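Try each task before reading its solution.

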Amino acid sequence: MKVAVVGATGLVGTKMLQVLAERNFPLTELIPVASEKSVGKEVMYKGKPYKVVNADTAIAMKPNVAIFSAGGSTSLEWAPKFAAAGITVIDNSSAWRMDPTKKLVVPEVNAHALTQEDKIIANPNCSTIQMVLVLDPLHKKYGIQRVVVSTYQSVTGTGVKAVDQLMNERKGIEGPMAYPYQIDLNVIPQIDVFLENGYTKEEMKMVKETTKIMGDERVKVTATTVRIPVMGGHSESVNIQFEKDFDLTEVRNLLAATPGVIVVDDPAKSLYPMPKDAHDKDEVFVGRIRRDESQDNTLNLWIVADNLRKGAATNAVQIAEFLEKKNWL
């Protein structure tokens with residue numbers, strides 16, 4: 001089992017290697033892939049060094065699966081070349097997510113949609129992944145009509161440059177800016193570029209990806225995505241309107257029984273999910289579960305997850321695990 005990690009030296013690529021090792025993915029050979037300037041460098045995997053190669057070399061080495069986390073333009077150029085060589089690609093960029101010929105997968109929700117013929121599989125946006133994991137069991141039980149979500153997203157979602165900006169600002173050091181504004185002691189209500197409709201690209205990703213993953217056009221979503229000065233973990237305030245009424249105890253039990261979801265919800269003890277508690281964990285945490293008293297059949301809740309793990313690396317590795325168990329790699 002040869003596994004290529006494309007973008008192995010980046011923030012998410014590094015996390016991919018960590019997650020592959022932690023979950024003991026049954027690989028026999030690792031092929032770390034990065035840009036030409038990183039070729040020849042070494043990355044460590046389970047205590048062993050592996051030399052970084054370029055994409056052409058990686059294809060020639062015939063991996064069973066290639067997990068991409070190197071940005072949309074790299075994925076658009078190289079994923080089809082890997083796929084043409086018979087290599088299954090799991091892509092973490094936005095390049096293929098809304099392509100109608102490609103599956104967009106959160107394994108706990110829609111792995112059943114995958115077939116052996118799928119050679120390019122899209123990994124959803126981090127903020128979408130954690131939300132649909134919670135929405136899916138509720139939709140099956142009560143029928144979701146509309147979702148209003150506001151996100152509070154970590155700087156790690158932007159990458160190393162943004163982490164450096166935040167830490168430099170904390171220390172009073174001038175340096176490269178990932179954002180047009182200071183992020184420390186600030187909140188920036190813009191993630192990605194603005195579109196003609198006044199929403200950002202990140203907001204529209206959440207709208208479109210949620211519908212595609214859940215396979216139901218009737219689920220309406222509106223989003224506001226916000227960057228906050230937090231190091232790891234995205235948080236979301238989610239308001240869900242259902243077709244049917246619900247019982248709060250039943251909602252908590254339903255979510256507690258959902259694989260990959262942990263309920264942390266005890267207001268009397270000030271217990272609720274926070275990014276610091278989700279850091280370096282694979283689960284999605286949900287709390288502040290309460291009825292929206294302004295409208296019938298409507299629920300409020302708060303969702304937190306580590307955006308580099310379940311929001312990116314872990315979800316991609318879980319897709320690979322599913323394919324491996326099916327003997328499709």
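**Exercise 1.** In this predicted model, find which residues have the most contacts inside the largest nonpolar core.

Solution. 
- Start with the core itself: the largest nonpolar core has 55 residues.
- Inside this core, F82, L138, I240 and L301 have the most contacts.
- Next, ask which element gives the largest share: helix α5 (residues 126–142) supplies eight residues.
- I240 is in contact with several residues beyond four places in sequence, including L135, L138, V147 and L301.
- Now look elsewhere. Another core, of 31 residues, lies apart from the largest one. Among its residues are L17, V19, V52 and A320.

**Exercise 2.** Decide whether E202 is buried or exposed, then find its side-chain polar contacts.

Solution. 
- Locate the residue: E202 lies in helix α7 (residues 201–214).
- Take its relative accessible area, which is 5%. The cut-off for buried is under 20%, so E202 is buried.
- Check the side chain. E202 and N125 are joined by a polar contact of 3.0 Å between their side chains. A polar contact of 3.3 Å links the side chains of E202 and S127.

**Exercise 3.** Sort the lining of the second largest pocket into nonpolar, polar and charged residues.

Solution. 
- Note the volume of the second largest pocket: about 150 Å³.
- List the lining: S94, R97, M98, L195, K201, M204, K205, K208 and E209.
- Sort these residues: three are nonpolar, one is polar and five are charged.

Terms used:
Residues are numbered from 1 along each chain as its sequence is written. This is a predicted model: local features need pLDDT of at least 70, side-chain atom pairs count only at pLDDT 80 or more; totals for chains, interfaces and linings use all residues. Side-chain values use heavy atoms; hydrogens and water are left out. On a 1 Å grid over the protein atoms alone, a cavity is a set of points where a 1.4 Å probe fits but cannot get out, and a pocket is an open set with protein on both sides within 12 Å along at least five of seven lines; lining residues have an atom within 4 Å of a point. Grid points are joined across faces, edges and corners, and a volume is the space filled by probe spheres set on the points. Ala, Val, Leu, Ile, Met, Phe, Trp, Tyr, Cys and Pro count as nonpolar, Asp, Glu, Lys and Arg as charged, and the others, Gly among them, as polar. Helices (H or I, at least four residues) and strands (E, at least two) are DSSP runs, numbered from the N terminus. Buried means under 20% relative accessible area, exposed over 50%, partly exposed in between (1.4 Å probe, protein chains only). A polar contact is a pair of N or O atoms within 3.5 Å; within protein, one must be able to donate a hydrogen and the other to accept it, and residues adjacent in sequence count only if both atoms are side-chain atoms. A nonpolar core is a set of buried Ala, Val, Leu, Ile, Met, Phe, Trp, Tyr and Cys residues joined through side-chain atoms within 4.5 Å. Contact means heavy atoms within 4.5 Å.
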